[in-house]
Amino acid sequence: MIKWLRSESFTAWAFMTPGLLLLAVFVFWPIIYSIPLALTDYSVISDTHYVGLANFEAAFKDRNFLISVWNSLVYVLIVPFLQIFSILMAVLVNSRIPAIKIFRTTYYIPVVTSMVAVALIWSWLLGNNSVVNYLLIKVGIISREIHWLSDSNLALYVLMFITMWKGLGYYMMLYLAGLQNIPQDLYEAARVDGASRWRLIVHITLPLLRPYILFCTLISLMAAIRVFDEVYVLTKGGPGTATLTSSLYIFQKGMEQFNFGYASALGLIVGAVIGVLSIIVFRFNRKGGVNPY
Amino acid sequence: MTLQNDQKLHSPLPKNKNSRITRSLGRMVRMMVIYVLLVLLALFLMGPFLWLLSVSLMPGRNIFSSPPAIFPTFIDFDNYVQVWQFMNFPKYILNTVIITVLGVVLNVILASLTGYPLAVFHFKGKNLVFTLLIATMIIPSYTAFIVHYLTIQGLHLGNTYLGVVLPGAVSVFNIFLMRQTFIHIPTDVRDSGKMDGASEFRIWWQLVLPLVKPALAVISLLEAMSFWNSFLWPIVILNDTELYPLAAALTYLNGQFAYNFGWIAAGTMISVLPIIILFLFTQRYYMEGLAGAVKG
């Protein structure tokens, strides 16, 4: 016993115990516990009963839930735009010209700002009698005011735009790291062989950037399905259910109506959707695969 | 003869000079295009903040003018003074600082404690721990916040800062980042500490940690930003609006005083400035760390 107390094994576990304990409580336990929870009608108001798969049955008949999952899937459409624009931005700020670092820093400021502040700023910029409408009318792009956030055909796309606006700089930095990791002599060698600029991009830049594209696509995909703050601050899911995303709906069921059992079931369903989407992304990028750690 | 010679000598030069001029002209045009694009992009990404700053400096009647005012007719700080007095900002800033410091300190200590043995020790169960950590990255825990809420209530930490911070106090990402850093520490460091009879804890604290300051700084910055901006979880856990951090207080202010636009603009500026300033002063480490975390 005393020997064990002096062993490396004991010291290792002693070091790790606080961290692993917290991980167990706040990472493993939620994953495990949400399964039995989803099989009950657990809520704060009444007694808890085992209800089997009733929550799941109800979920597939719950029109608002299905709409919210659909909206979340539509939200995923921002992912390709985020990747394309961020790569273009990264190429642009990869130029070796004076003051480039100032621009890099500038583009990153929306990323470090809180989503609440960002959402508030855009809500004022896009409101009625607001700056964006005024400028667009003045330039002649639109003829009368657009109700950006209260038009049910438009609101979801406006939210997607705001999410993208805030995220551009983040993915740009990751792609910039990827670009700077590409050895310059590869380009030189290809140029000596007379390769055009376009061929350099297609045959050197994109293939070597591929692991980064996979990594960024996966994290932006998960972020797009998880999106909450901007929806909560700007539209609360409205008008009607136009911007009701799955995370907002689960939040409403769980934290506003305290319907924990049902919310857990919804969470498991959405978690499964995320899992399937991730597998599809991996399939598309079979060769890729960056180890982020 | 001399003339001919001279001509022979100089004849290629004008041609060469011309091409050099066209080339440098081409480079200049390309630079100009790049700068125009860079400035347009900067306006797109910074414009809304500059406009917010401009609105926050407008005197009241300027704000609701039609057409909307973009630049103030004259600058005054009344909005800042009034919202500062009305909202008790020092308290909200203090709340945010407490939450951020608590979150950063816990993350730094727990990540470096947990990552250290995984990098340098040999022990039974190392692979098991590793597998479990990786598993958490693959399985999406979408319902986490419901169970977190129940856990925090169960621990009687509702309405406390510890309840706000604990679910985010340790992250697998940070543990991996620290492990990756500890692996590169020479084994001599630990051996020399052992030779002098220091305990493992002392070796970690006094010999190893000072060597990994850059990694600790990166974790601190990443976590400082995420805790400073946290909003949803604090409003779930804190019943008392007096305890709210800035981002949460901001939505509260927006709900109460939607008509007093200048105030909200000033309040928003006050809430975003500290984190932007922190970022500007530390952006070199931050961006290197972010890139390094992905490269691995």
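This is a predicted model: local features need pLDDT of at least 70, side-chain atom pairs count only at pLDDT 80 or more; totals for chains, interfaces and linings use all residues.
Two residues are said to be in contact when they have heavy atoms within 4.5 Å of each other.

Chain B contains 15 helices and zero strands. Of its 296 residues, 49% count as buried. The chain exposes about 15300 Å², and carbon and sulfur atoms supply 67% of that area. How much of the contact in chain B links residues 24 or more positions apart? Among contacts with a separation of 6 or more, such residues account for 71%.

I turn now to the domains. The assignment for chain B gives domain 1, covering 2-56, and domain 2, covering 78-295. Taken over C-alpha atoms, the centres of domain 1 and domain 2 of chain B are separated by 45 Å. Six residues from domain 1 of chain B and eight residues from domain 2 of chain B take part in the contact between them.

How much area is buried between these two domains of chain B? The value is about 600 Å², with carbon and sulfur atoms giving 80% of it. On the side of domain 1 of chain B, Leu52(B), Val55(B) and Ser56(B) supply 70% of the area buried against domain 2, more than any other three residues. Across this interface between the domains of chain B, the rule finds zero salt bridges, but two residue pairs are in polar contact.

Finally, I come to the interface between the chains. Here 93 residues of chain B are in contact with 90 residues of chain A. As a general remark, the size of an interface is often given as the accessible area lost when the parts come together. For chain B and chain A, the buried area is about 8200 Å², of which carbon and sulfur atoms give 82%.

Which residues form the salt bridge between chain B and chain A? Arg190(B) pairs with Glu8(A), and their closest N and O atoms are 2.8 Å apart. On the side of chain B that touches chain A, helix 15 of chain B, residues 261-295, gives the most, with 17 residues.

To close, I would ask you to locate two features in the structure: the salt bridge of Arg190(B) with Glu8(A), and helix 15 of chain B on the side that touches chain A. Thank you for your attention.

Key. Residues are numbered from 1 along each chain as its sequence is written. Chains are lettered from A and ligands numbered from 1 in the order in which they are written. Side-chain values use heavy atoms; hydrogens and water are left out. Helices (H or I, at least four residues) and strands (E, at least two) are DSSP runs, numbered from the N terminus. Buried means under 20% relative accessible area, exposed over 50%, partly exposed in between (1.4 Å probe, protein chains only). Accessible areas come from the Shrake-Rupley method with a 1.4 Å probe; for residues, only the protein chains shown count as cover. Domain bounds come from an automatic or database domain assignment. Buried area is the accessible area (1.4 Å probe) that two parts lose on being put together, summed over both. A salt bridge is a side-chain nitrogen of Lys or Arg within 4 Å of a carboxyl oxygen of Asp or Glu. A polar contact is a pair of N or O atoms within 3.5 Å; within protein, one must be able to donate a hydrogen and the other to accept it, and residues adjacent in sequence count only if both atoms are side-chain atoms.
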